[in-house]
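User: I am new to protein models. Can you show me how to read one, feature by feature?

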Amino acid sequence: MRLDYYCRKSRLAGPGFTLLELLVVIAIIAVLAAILFPVFALVKRRAYATTCVSNLHQLTDAMTAYADDNDSHLPRWWFQDSETTWDAAIFAQVKSVKAFDCPANSARLQIPIGGTIRGYAFPRNVSGLAVTELKRPADTVLLFEKGAQLVFDWNDSTAEFFSQMWAEDDNLKTYPHGEGKNFAYTDGHVAWSKTDSGPFAYRFPNVDSHGYWPVAYCGNKHDPLGVISNNTDPGANLPE
């Protein structure tokens, strides 16, 4: 009789207790998810940033190797005679298209399945220059994050402003690592800069106009197609 009483009580109470327990577990999971999801997102962003820095180091090393084999001259951003871009010129030293693609690059257009986006651009006014000509290598940008086109494509292979993410876009929401980008410099180091600092804030005198180059300008005011690969116009990316 006593045993039967406890068994009946257990059967009656069991389902209610199990439902309450389930609700508690669900609540705990929800709280943990709310805490951990931002942590996971942060870890993912940091992993992407690390990959991007590693990519830029590989590409900078390849640029240096190219210069060593070409009388200290950097590649041109566009070789008009062969219709190839800087990434094609150094590919023999890089050997993997993945090194050209930052995993955090959100500025992507529709691309073929299996295609690789080139997420880095070569400032036009260091195109083809000898590294020995650069007066402040540690302050001169060699590569920076920009691009939504395939590797070896003429489009987006260079830029006129460091604020660009692709073409004329300068939307902060498309920046790959928060409100800033990674920059590789001609002395070999790589660093992240916020939009109001570093290369974004470059502003140097323009001796022709007796004024200043536009902020963060890294292009060429004299860029007819015939001399597109022989740019020595200073701009803000070639500090004296």
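User: Which residues does Thr-60 touch, not counting residues up to four places away in sequence?

Analyst: Contact here means heavy atoms within 4.5 Å. Leaving out residues up to four places away in sequence, Thr-60 touches Leu-142, Ala-184, Tyr-185 and Gly-188. Keep in mind that this is a predicted model.

User: Where does Thr-60 sit, and is Thr-60 buried or exposed?

Analyst: Thr-60 belongs to helix 1, which covers residues 2–69. For burial, look at relative accessible area: under 20% means buried. Thr-60 has 2% relative accessibility, so Thr-60 is buried.

User: What lies 2.7 Å from a polar atom of the Thr-60 side chain?

Analyst: The backbone oxygen of Leu-56 does. The cut-off for a polar contact is 3.5 Å between N or O atoms.

User: Next, cysteines. How many disulfides does the structure hold?

Analyst: The structure has 0 disulfides. To look for one, check the distance between cysteine sulfur atoms: a disulfide needs them within 2.5 Å.

User: Are Cys-52 and Cys-218 buried or exposed?

Analyst: Cys-52 is buried, because its relative accessibility is 0%. Cys-218 is buried too, with a relative accessible area of 0%.

User: Now the surface. Which residues form a nonpolar patch there?

Analyst: Leu-19, Leu-22, Leu-23 and Ile-26 form the patch. Together they have about 390 Å² of accessible area. Take Ile-26, which lies in helix 1. Its relative accessible area is 46%, so Ile-26 counts as partly exposed.

User: How much accessible surface does the protein have, and what share belongs to carbon and sulfur atoms?

Analyst: The accessible surface comes to about 13200 Å². Carbon and sulfur atoms account for 61% of that area.

User: What share of the residues is buried?

Analyst: The protein has 240 residues, and 39% of them are buried.

User: How many helices and strands are there, and what pattern do they follow?

Analyst: There are 3 helices and 8 strands.

User: What share of the contacts joins residues 24 or more positions apart?

Analyst: Take the contacts with a separation of 6 or more. Of these, 61% join residues 24 or more positions apart.

Terms used. Residues numbered from 1 in each chain as written. Predicted model: local features only at pLDDT ≥ 70, side-chain atom pairs only at ≥ 80, totals over all residues. Heavy atoms only, no water. Helix = DSSP H or I, 4+ residues; strand = E, 2+ residues; numbered from the N terminus. Buried < 20%, exposed > 50% of the residue type's maximum accessible area, 1.4 Å probe, protein only. Areas by Shrake-Rupley, 256 points an atom, 1.4 Å probe, with all protein chains shown as cover. Polar contact = N/O pair within 3.5 Å; in protein donor to acceptor, adjacent residues only side chain to side chain. Patch = residues over 30% accessible without salt bridge, like charges linked within 9 Å, V, L, I, M, F, W, Y side chains within 5 Å. Salt bridge = Lys/Arg side-chain N within 4 Å of Asp/Glu carboxyl O.
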